[in-house]
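Subject: Handover of a structure and notes on its features

Dear colleague,

Please find the structure below, together with its sequence. I would be grateful if you could read the notes that follow with the coordinates open.

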Amino acid sequence: MSYLVLARKWRPQKFDDMTGQEHVVRTVANAIKMDRVAHAYLFCGPRGVGKTTAARLLAKALNCEKGPTAQPCGECRACTEIAAGTSVDVAEIDGASNNGVENVREIRENAKYLPQRDQHKIYIIDEVHMLSGAAFNALLKTLEEPPGHVKFIFATTEAHKLPDTILSRCQRHNFRRIPAARMLQRLQEICKAEGAGISDRSLSLVVRQSEGGMRDALSLLDQVLASCGANPSDEEVADALGAIDRTLVQDFADALVHKDAKRVLERVEEVFNRGLDLKRLAEELAFQLRHLFVTKTLGKAPDELAESEQKALMALAQDAEAAQLTRLFDVVHGCIWDVSRAAQPRLALEMALLKAIQLSPGGSIPELLARVDKLAAGMGEGSAKSNAGAPGGRSSPSNFRA
Ligand SMILES: Nc1ncnc2c1ncn2[C@@H]1O[C@H](COP(=O)(O)OP(=O)(O)OP(=O)(O)O)[C@@H](O)[C@H]1O
Ligand SMILES: [Mg+2]
Ligand SMILES: [Zn+2]
């Protein structure tokens with residue numbers, strides 16, 4: 001059998017398997033249970049978050065031989081054919097290539113006839129925003145009062161391009177980017193089932209690069225498995241993704257917090273020699289400092305990170321002061337743009353990091369307070385002397401206020 005990419009192999013076949021779109025799944029499942037299924041649905045949201053998947057699941061739910069049911073059997077002819085995209089009563093139409101008025105007329109003509117075998121005739125139109133103005137107009141009438149056996153499910157990444165007339169005739173559901181922690185969990189399950197040993201740390205890297213899109217995450221995972229085999233090291237995964245190894249990023253943050261300029265310079269050289277993108281490094285570092293600051297503030301590391309990373313962050317946050325972290329973040333975040341534009345990115349980055357170390361107040365607050373106290377005590381002696389000859393002189397702040 002030919003190799004099936006993970007995204008297709010792991011397309012959810014039950015509503016329960018959909019990750020992170022509970023708000024949609026719940027409403028749709030309830031409508032089915034209560035027999036209140038709308039005649040037109042619009043699924044919108046970013047790419048690869050489950051719109052087409054949900055459309056197929058809804059089609060199965062409506063046409064399953066045991067249905068309509070929120071738990072389609074997955075085994076009957078209707079269910080298996082819908083999953084394979086070969087059902088006679090479920091048409092999956094690509095709106096981008098069938099965007100003319102004649103295409104919609106054909107749908108309109110066809111919709112009049114009863115379904116050939118199953119209970120509903122279902123039209124899934126993907127990328128529906130690509131239809132022409134005339135095509136939308138041709139669709140309006142059918143959309144207003146479709147025959148009882150007809151259901152429309154539209155999917156789009158760009159709902160704002162749809163005319164209001166269409167929007168107002170559909171029940172709209174907004175799909176969200178998948179929360180990082182949920183995605184990590186799903187990737188762990190998939191890796192386990194696939195017999196792939198990829199560390200949580202590396203999986204979080206995949207999660208981060210996917211920006212909330214499950215298809216992107218699975219494609220990245222494919223890429224990793226294809227280029228490094230089933231048991232890659234963290235470094236191999238980072239290389240395969242063109243990313244910077246998390247261990248290295250953590251070590252950078254550690255060196256910055258501990259004001260270890262020598263280690264910082266050594267690490268920059270290492271990244272530079274490996275030919276990695278320095279702007280990317282600056283961005284990763286800014287993110288890491290953000291995570292560190294969040295950890296310091298909330299007393300808890302962000303959930304989306306691997307457990308080992310969370311532990312490391314908690315430990316490092318103990319050693320750092322909030323003021324120091326904001327300073328470090330400001331400088332590092334501020335240098336991203338410079339590094340991307342500089343004639344010598346390496347110099348720009350090195351100088352920024354050294355500056356960050358110089359400018360960030362070190363030591364703990366109690367330590368600093370003790371130092372301030374000591375200074376103040378010293379100044380007190382000095383000013384007492386200089387003020388001796390000028391009683392009521394203007395040098396003390398309290399006199400200004402008076
Ligand atoms: N919410 C999700 N839960 C689990 N897997 C998902 C989810 N969303 C997407 N996937 C995975 O990504 C693949 C692609 O999803 P799908 O085709 O439903 O995305 P889409 O939202 O229609 O994207 P596009 O806008 O690019 O058409 C699925 O086959 C599945 O493996
Ligand atoms: Mg789709
Ligand atoms: Zn079925």
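The lining of the largest pocket comprises 12 nonpolar, 9 polar and 10 charged residues. Please bear in mind that this is a predicted model. The volume of the largest pocket is about 650 Å³, and 31 residues line it. Nearest its centre are Ala 7, Arg 11, Thr 52, Thr 53 and Arg 215. Two or more lining residues of the largest pocket come from each of α1 (6–9), α3 (51–63), α4 (77–84), β4 (150–156) and α10 (214–228). Of the elements, α3 contributes the most to this lining, namely 4 residues.

At least two lining residues are supplied by each of α8 (180–194), α9 (200–210), α14 (278–298) and α16 (322–341). Helix α14 accounts for the largest share, with 7 residues. By residue class, the lining of the second largest pocket consists of 10 nonpolar, 6 polar and 8 charged residues. Since domain 2 (180–240) and domain 3 (246–359) both give residues to this lining, the second largest pocket lies between them.

As to the overall division, the protein chain is split into domain 1 (6–174), domain 2 (180–240) and domain 3 (246–359). The centres of domain 1 and domain 2, taken over C-alpha atoms, are separated by 30 Å. The contact takes 12 residues from domain 1 and 14 residues from domain 2.

I turn next to the sheet. Its 5 strands form an open sheet in the order β2-β3-β4-β1-β5, and the pairing is parallel. At the edges stand β2 (90–94) and β5 (171–174); each has a single partner strand, so one side of each is left without a neighbour in the sheet. On average, and with direction ignored, neighbouring strands of this sheet are turned by 15 degrees against each other.

One pairing may be followed in detail. Strand β3 (residues 121–126) pairs with β4 in the parallel sense over 5 bridges. Ile 125 has Phe 154, in β4, as its bridge partner.

Which strands does helix α2 touch? Helix α2 (residues 22–33) packs on the sheet in contact with β1 (40–44) and β5, and its direction makes about 150 degrees with that of β5. Helix α5 (residues 101–111) lies across β2, β3 and β4 and runs at about 165 degrees to β3.

Gly 67 and Pro 68 are joined by a cis peptide bond, with omega of about 0 degrees. Pro 68 is placed in the loop between α3 and α4, and both of these helices give two or more residues to the lining of the largest pocket. The other point concerns Asp 35, which has a positive phi of about 60 degrees although it is not a glycine. Asp 35 is found in the loop between α2 and β1; helix α2 touches β1 where it packs on the sheet.

With kind regards

Notes. Residues are numbered from 1 along each chain as its sequence is written. Chains are lettered from A and ligands numbered from 1 in the order in which they are written. This is a predicted model: local features need pLDDT of at least 70, side-chain atom pairs count only at pLDDT 80 or more; totals for chains, interfaces and linings use all residues. Side-chain values use heavy atoms; hydrogens and water are left out. On a 1 Å grid over the protein atoms alone, a cavity is a set of points where a 1.4 Å probe fits but cannot get out, and a pocket is an open set with protein on both sides within 12 Å along at least five of seven lines; lining residues have an atom within 4 Å of a point. Grid points are joined across faces, edges and corners, and a volume is the space filled by probe spheres set on the points. Ala, Val, Leu, Ile, Met, Phe, Trp, Tyr, Cys and Pro count as nonpolar, Asp, Glu, Lys and Arg as charged, and the others, Gly among them, as polar. Domain bounds come from an automatic or database domain assignment. Two strands pair if DSSP finds at least two bridges between them. Axes are lines fitted to C-alpha atoms, for helices over the stretch in contact, and angles run from 0 to 180 degrees between N-to-C directions. Contact means heavy atoms within 4.5 Å.
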